[in-house]
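Please look through the structure below slowly, with the sequence beside it, before reading on. The paragraphs that follow lead from one end of a helix to a sheet and then to a group of rings.

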Amino acid sequence: MAQNNEDTEVRLDKWLWAARFYKTRSLARSMIEGGKVDYNGVKAKPSRTVEIGALVKVLQGNIRREVEIVKISDQRGPAVVAQTLYKETEKSIAEREKQIEQIKLNSLLAPHPDEKPNKKDRRALISMKYGN
């Protein structure tokens, strides 16, 4: 594992994959190309070389996280090791917790029936929706 070596250059997509933000390198690459990842406040290319101390904003699902690069690695290891590669900022932690709380509140407000509708109920819903 290449960690903290000055002469080792690691691409941004490879580092995001090694830090377990994305499951595959191709997914990390597509997220970077889609503008979902910022490197030091600007849009980056997948081939961007990462540096220790850089701030990376990453979108995972509906949650945006801002992390500081602490170590550089080009190999994907266990989650415990991957978590040592970065440190999430305090502001990001507070915003993420607020977003999670908002998602929980929204799910409580959305109607969820106790059981799956049967055929008669589905037909009634369809006729209500389309006016048949």
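**A helix and its ends**

At the start of helix α5, a side-chain oxygen of Asn118 comes to within 3.2 Å of the backbone nitrogen of Lys120, a polar contact, meaning a pair of N or O atoms within 3.5 Å in which, within protein, one must be able to donate a hydrogen and the other to accept it, while residues adjacent in sequence count only if both atoms are side-chain atoms. This is a predicted model, in which local features need pLDDT of at least 70 and side-chain atom pairs count only at pLDDT 80 or more, whereas totals for chains, interfaces and linings use all residues. Residues are numbered from 1 along each chain as its sequence is written, and side-chain values use heavy atoms, with hydrogens and water left out.

Helices (H or I, at least four residues) and strands (E, at least two) are DSSP runs, numbered from the N terminus. Helix α5 covers residues 119-130, and its twelve residues should span 16 Å at 1.5 Å a residue, which agrees with the 16 Å between its end C-alpha atoms; the expected span is 1.5 Å times one less than the number of residues. Of these twelve residues zero are buried, so α5 lies largely in the open, where buried means under 20% relative accessible area, exposed over 50% and partly exposed in between (1.4 Å probe, protein chains only). After α5 comes Gly131, whose phi is positive, near 70°.

The sheet is open and has five strands in the order β2-β1-β3-β4-β5, with antiparallel pairing; two strands pair if DSSP finds at least two bridges between them. Because β2 (42-43) and β5 stand at the edges, each with a single partner strand, one side of each is left without a neighbour in the sheet. Strands β3 (residues 55-60) and β4 (residues 63-69) pair in the antiparallel sense over six bridges, and Gln60 stands opposite Ile63 in β4.

Which rings are linked into a cluster by ring pairs? They are those of Trp15, Phe21 and Tyr86, where rings of Phe, Tyr and Trp (its six-membered ring) pair if their centres lie within 6.5 Å, and planes under 30 degrees apart count as stacked, over 60 as edge-to-face and the rest as tilted. Phe21 and Tyr86 form a tilted pair, 4.7 Å centre to centre with 40° between the planes. Since Phe21 lies in the loop between α1 (12-18) and α2 (25-33) and Tyr86 in strand β5 (residues 86-88), this pair ties together parts that are 65 residues apart in sequence. Both Phe21 and Tyr86 are buried.
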